[in-house]
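Please look through the structure below slowly, and keep it beside you while you read the explanation that follows.

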Amino acid sequence: MIRVLIVDDQIMVREGFSVLLGAMPDIEVVGEAVNGREAVERVAALHPDIVLMDIRMPEMNGIDATREIVAADEDAKVLVLTTYDLDEYVYQALRAGASGFLLKDASARQLADGVRVVAAGEALLAPTVTKRLITEFARSAAGGPRPPATARIGELTERETEVLVLIAQGLSNAEIADHLVVAESTIKTHVSRVLVKLGLRDRTQAAVFAYEARLVRVGE
């Protein structure tokens, strides 16, 4: 069973998601929280597999809550909930350690599939929506200096850099394997090495890293 904590200040949203996810045979809603502060406390007490996190909430917003949750438990997986797919706060949440995001108008199937994807260790990276989100907010830094962390790019091999760029473009392991004409198991090894060398949690942070390092140009 995938254990889920739902965090949202709107009771109708919490109850709606609870009903939708509770109907799934492999998902269990173990608790709810009404703001970021309560979310941090409930995660520490319940240790859910997935946290569905709203962003705009009183007392503590979802970005700060995500940062605290991830800092306290590196295995914690946060799936951000948002009303708009170009919400600048979503980008900040991804940088804070969230593993992806879902729109609040997602269908029951999309919601459940998103939870399963993140629980399986993958990032929820939609080739179109997430790429658009990242490129939109990467524009502001396009002319400035690269973040210090991007110096670690030099530690990557040419093939690992190529894989990182394809991750940023939203490709799955299978799609990257097809593109590079290698076995999917080989790609999994490359992805693991990229994450370790760059000190990143998952594919979502790898994508953000690639855009901020300007390995992928806005509009590509």
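This is a predicted model: local features need pLDDT of at least 70, side-chain atom pairs count only at pLDDT 80 or more; totals for chains, interfaces and linings use all residues.

Residues are numbered from 1 along each chain as its sequence is written, and side-chain values use heavy atoms, with hydrogens and water left out.

Begin with the sheet, where the helices (H or I, at least four residues) and strands (E, at least two) are DSSP runs numbered from the N terminus. Five strands form an open sheet with parallel pairing, in the order E2-E1-E3-E4-E5, and two strands are said to pair if DSSP finds at least two bridges between them. Strand E2 (27–33) and strand E5 (100–103) are the edge strands, each pairing on one side only. From one strand to the next the twist averages 25 degrees, where axes are lines fitted to C-alpha atoms, for helices over the stretch in contact, and angles between N-to-C directions run from 0 to 180 degrees.

Strand E1 (residues 2–7) is joined to E2 by six bridges, and the two run parallel; within this pairing, valine 4 stands opposite valine 29 and leucine 5 opposite glycine 31. The chain passes from E1 through helix H1 (residues 11–22) to E2 in a β-α-β crossover that is right-handed, meaning that, with the strands pointing away from the viewer, the path from the first strand over the helix to the second runs clockwise. E1 also pairs with E3 in the parallel sense, over four bridges, and here valine 4 has isoleucine 50 as its bridge partner. Five of the six residues of E1 are buried, so this strand is largely enclosed by the rest of the structure; buried means under 20% relative accessible area, exposed over 50%, and partly exposed in between (1.4 Å probe, protein chains only).

Next, turn to aspartate 54, which is found in strand E3. At 6% relative accessibility, aspartate 54 counts as buried. Apart from its neighbours within four places in sequence, aspartate 54 is in contact (heavy atoms within 4.5 Å) with Val7, Asp8, Asp9, Gly62, Leu81 and Lys104. An unreviewed UniProt entry places the feature "modified residue: 4-aspartylphosphate" at Asp54; UniProt positions are given in the numbering used here, feature names are shortened, and annotations may be inferred rather than shown by experiment.

In soluble globular proteins, nonpolar side chains tend to be buried together. A nonpolar core is a set of buried Ala, Val, Leu, Ile, Met, Phe, Trp, Tyr and Cys residues joined through side-chain atoms within 4.5 Å. Of the 25 residues in the largest such core, Val7, Val51, Met53, Ile69, Val78, Val80 and Ala98 touch the most other members. The elements that give two or more residues to this core are E1, helix H2 (36–46), E3, helix H3 (62–72), E4 and helix H4 (88–96), and H4 gives the most, with five residues. A second, separate core of 24 residues includes Val191, Leu195, Leu200 and Tyr211.

Finally, consider helix H7 (residues 158–168), which is mostly covered, as eight of its eleven residues are buried. The buried residues of H7 pack against helix H8 (173–180), helix H9 (184–198) and helix H10 (203–212). Just after H7, glycine 170 takes a positive phi of about 90 degrees.
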